[in-house]
Amino acid sequence: MTNAERPLAISAPQPRTLDLIFSDKARAELHAKYEVVEADADTVAELGDNILGRTRYIIGQPPLSAETLARMPALRSILNVESNLLNNMPYEVLFQRGIHVVTTGQVFAEPVAEIGLGFALALARGIVDADVAFREGSELWGGEGNASARLVAGSEIGIIGFGDLGRALRRVLSGFRARIRVFDPWLPQSILEENGVEPASLEDVLTKSDFVFVVAAVTRENKGFLGAEAFAGMRKGAAFILLSRADVVDFDALMAAVSSGHIVAASDVYPQEPLPPDHPVRSLKGFIRSAHRAGALDSAFKKMGDMVLEDMDLVDRGLPPMRCKRAERETVSRMRSKPVAVN
């Protein structure tokens with residue numbers, strides 16, 4: 001097919017790249033089926049009408065104004081491969097025009113859930129501290145090294161948020177015979193029950209859990225909603241595991257709760273990324289640190305490209321996208337997650 005016969009897709013996937021999210025085979029398929037115009041996200045609006053007027057797809061989430069969208073009569077779908085939904089386009093206009101806005105964020109659910117389980121096991125059994133002690137020659141053998149150790153199996157677990165990541169977490173925990181309580185004000189009780197978890201209040205999740213996993217998205221309503229009072233209400237020695245976005249917690253209060261010895265914690269995300277070299281969390285005992293790497297597996301990134309191609313094919317055939325997750329009219333403008341700074 002000539003360029004004139006192929007649907008046009010603008011590629012502006014920053015901070016991702018096409019090489020990151022498409023395998024060689026998938027990228028060849030993308031270029032075979034579509035005319036691909038690569039652009040920086042911030043310059044999409046500067047493209048000529050000969051391009052914008054023919055654009056069927058945008059891969060990425062560049063800032064778009066209502067005026068720019070008016071120049072794009074053929075636009076059918078925006079495929080967000082950064083995965084946070086930024087408030088940088090007039091979603092109401094997109095919904096009115098029936099333009100699909102979808103994200104590929106669910107590719108991260110399984111890898112993040114697995115590392116979350118790893119954090120829980122490491123905190124429960126003191127694996128990191130035991131390794132450090134062994135390296136230093138100060139290890140404690142046998143039962144002496146298990147003074148504060150406990151099992152994940154048979155424990156009480158709380159999950160805050162139950163989207164794709166929360167459900168993946170429930171699956172990886174399924175073999176531990178744990179009692180799992182979930183707080184998610186955006187879901188009806190029946191959906192939680194159908195997924196084999198107990199609907200619970202935030203207070204019950206915090207006060208009745210041995211392990212608390214935070215996998216909630218940041219919204220305009222919940223920024224910093226987990227603070228000193230929340231941590232003080234947790235069980236002595238409980239583990240707090242932060243996997244979604246740091247803005248849902250008061251990070252200073254979290255560090256204070258760990259420093260006091262009341263709880264232990266692990267986090268893959270931070271208020272500032274990268275963290276300054278002198279940030280106090282770097283040397284905080286009882287805190288396991290990971291550099292926003294929980295979901296950043298090449299296999300996950302390549303799934304993005306496969307999902308994008310499948311949904312573009314569906315839309316080409318007059319069908320709705322099914323592989324990526326839709327942005328919802330009622331919630332999209334409430335999201336406040338920051339975009340990733342690095343891959």
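When I speak of a contact today, I mean that heavy atoms lie within 4.5 Å of each other. Please also keep in mind that what we are looking at is a predicted model.

Which residues is Thr103 in contact with, once we leave aside its neighbours within four places in sequence? They are Asn80, Ser83 and Leu85, together with Cys324 and Lys325. Is Thr103 buried or exposed? Its relative accessibility is 7%, and because buried means under 20%, Thr103 counts as buried.

Now let us step back to the protein as a whole, where 48% of the 343 residues count as buried. Its secondary structure comes to 13 helices and 13 strands, and if we take the contacts with a separation of 6 or more, 67% of them are between residues 24 or more positions apart.

As for the overall dimensions, the C-alpha atoms fill a box of roughly 75 × 45 × 35 Å along the principal axes. The radius of gyration is 22 Å, which agrees with the value near 20 Å that a compact globule of 343 residues would have.

Definitions and conventions:
Residues numbered from 1 in each chain as written. Predicted model: local features only at pLDDT ≥ 70, side-chain atom pairs only at ≥ 80, totals over all residues. Heavy atoms only, no water. Helix = DSSP H or I, 4+ residues; strand = E, 2+ residues; numbered from the N terminus. Rg over C-alpha atoms; globule rule 2.2 N^0.38 Å. Buried < 20%, exposed > 50% of the residue type's maximum accessible area, 1.4 Å probe, protein only.
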